[in-house]
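Please have the sequence and the model at hand while reading.

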Amino acid sequence: MMHRLLPALLAVAAVSAQSLSTTCQNALTSVASNSDANSCLGIGALVTSFLQPNASLVPQVQNMVNTLCSAQPCSNNTLAGIVANITTGCSAELSATGSTDSTSATITNLVQQYYPTVRDIICLKDNSDGSNCLVQTLNNVQATYGTLSINNLGPIAKNLVATRSVPANITCTNCLKEAYNLVNEKFPSTGSSLKSDVDGVCGSSFTDGSTPSNIVKTAAATSGGKNSDMSLNAMPGFGTIGALIGTSLLAMLA
Ligand SMILES: *[C@@H]1O[C@H](CO)[C@@H](O)[C@H](O)[C@H]1NC(C)=O
Ligand SMILES: *[C@@H]1O[C@H](CO)[C@@H](O)[C@H](O)[C@H]1NC(C)=O
Ligand SMILES: *[C@@H]1O[C@H](CO)[C@@H](O)[C@H](O)[C@H]1NC(C)=O
Ligand SMILES: *[C@@H]1O[C@H](CO)[C@@H](O)[C@H](O)[C@H]1NC(C)=O
């Protein structure tokens with residue numbers, strides 16, 4: 001599992017260890033203040049976290065999820081606008097993460113392909129305790145690794161890299177089993193490439209394809225074509241955070 005987790009962790013560590021460039025900060029700010037991006041991603045909530053770098057991110061993630069899961073999905077144009085602003089403003093940061101292919105078109109295509117599945121995963125809910133699955137997973141991470149604050153992301157990532165494993169009580173939950181199921185349904189080749197690593201950590205019942213009890217989808221369904229006319233350059237920046245969370249979630253399954 002670590003061969004997939006490592007790059008994402010290193011990216012988080014690299015980005016959080018350095019201070020963001022002014023152009024990147026501006027790009028993030030313009031995305032966060034773009035009303036289309038904010039209404040479909042709820043990322044405005046995360047801005048508070050950057051103002052309180054020692055406080056846990058989890059309450060703000062909960063706020064983000066509340067908005068994101070009840071709103072209509074972002075249109076592809078909105079996603080493209082976010083990626084364009086971030087890849088332009090944060091090019092230094094992106095190359096620091098060692099991405100080999102970080103052209104805007106490539107990233108846009110990946111984000112557009114994975115977005116509906118990542119959104120579904122972010123909006124899974126565990127009815128056994130009523131928690132959103134992302135929030136539950138982050139709380140589990142905190143129980144082992146300490147407060148998930150902006151300032152603590154780098155140290156936590158380094159800790160994970162150093163120990164080269166994530167405890168089963170974080171990885172092998174019903175929430176992440178259903179997340180794996182969704183990835184496997186939409187991206188079977190990704191699913192099968194993860195299978196043996198995941199089985200190694202969680203046992204083969206984790207990848208048997210059965211729906212775990214109490215896990216439900218909460219993402220609002222598309223009402224159809226309503227928001228497809230977003231201005232292309234309406235939003236830089238914060239989609240990266242969403243993409244990073246999504247990627248990390250996927251990577252943790254790997
Ligand atoms: C965050 O915590 C560090 C170390 O405890 C401290 O030096 C710093 O002043 C704190 N920053 C804020 C904004 O509270
Ligand atoms: C968005 O773009 C992706 C790939 O670029 C495509 O597969 C998908 O069908 C598009 N979605 C819509 C609603 O047009
Ligand atoms: C997972 O296990 C570790 C110790 O092995 C423990 O410290 C942590 O609290 C547990 N996490 C949860 C969510 O129970
Ligand atoms: C992109 O940046 C421009 C210029 O700062 C801004 O007006 C626009 O709202 C941003 N678009 C998105 C989708 O973030």
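Helix α9 (residues 133-145) gives the most to the shell around ligand 3, with three residues; helices (H or I, at least four residues) and strands (E, at least two) are DSSP runs, numbered from the N terminus. This is a predicted model, in which local features need pLDDT of at least 70, side-chain atom pairs count only at pLDDT 80 or more, and totals for chains, interfaces and linings use all residues. Residues are numbered from 1 along each chain as its sequence is written, chains are lettered from A and ligands numbered from 1 in the order in which they are written, and side-chain values use heavy atoms, with hydrogens and water left out.

**Ligand 3**

- Around ligand 3 stand Asn140, Ala143, Thr144 and Asn169, a residue being counted if one of its heavy atoms lies within 4 Å.
- The protein covers 43% of the 360 Å² of accessible area that ligand 3 has on its own (Shrake-Rupley method, 1.4 Å probe).
- A side-chain N or O atom of Asn169 is 2.3 Å from an oxygen atom of ligand 3.

**The sheet**

- An open sheet is formed by three strands in the order β2-β1-β3, with antiparallel pairing; two strands pair if DSSP finds at least two bridges between them.
- The edge strands, β2 (131-132) and β3 (215-217), each pair on one side only.
- Three bridges join β1 (residues 124-126) to β3 in the antiparallel sense, and Lys125 has Val216 in β3 as its bridge partner.

Key
Polar contact = N/O pair within 3.5 Å; in protein donor to acceptor, adjacent residues only side chain to side chain.
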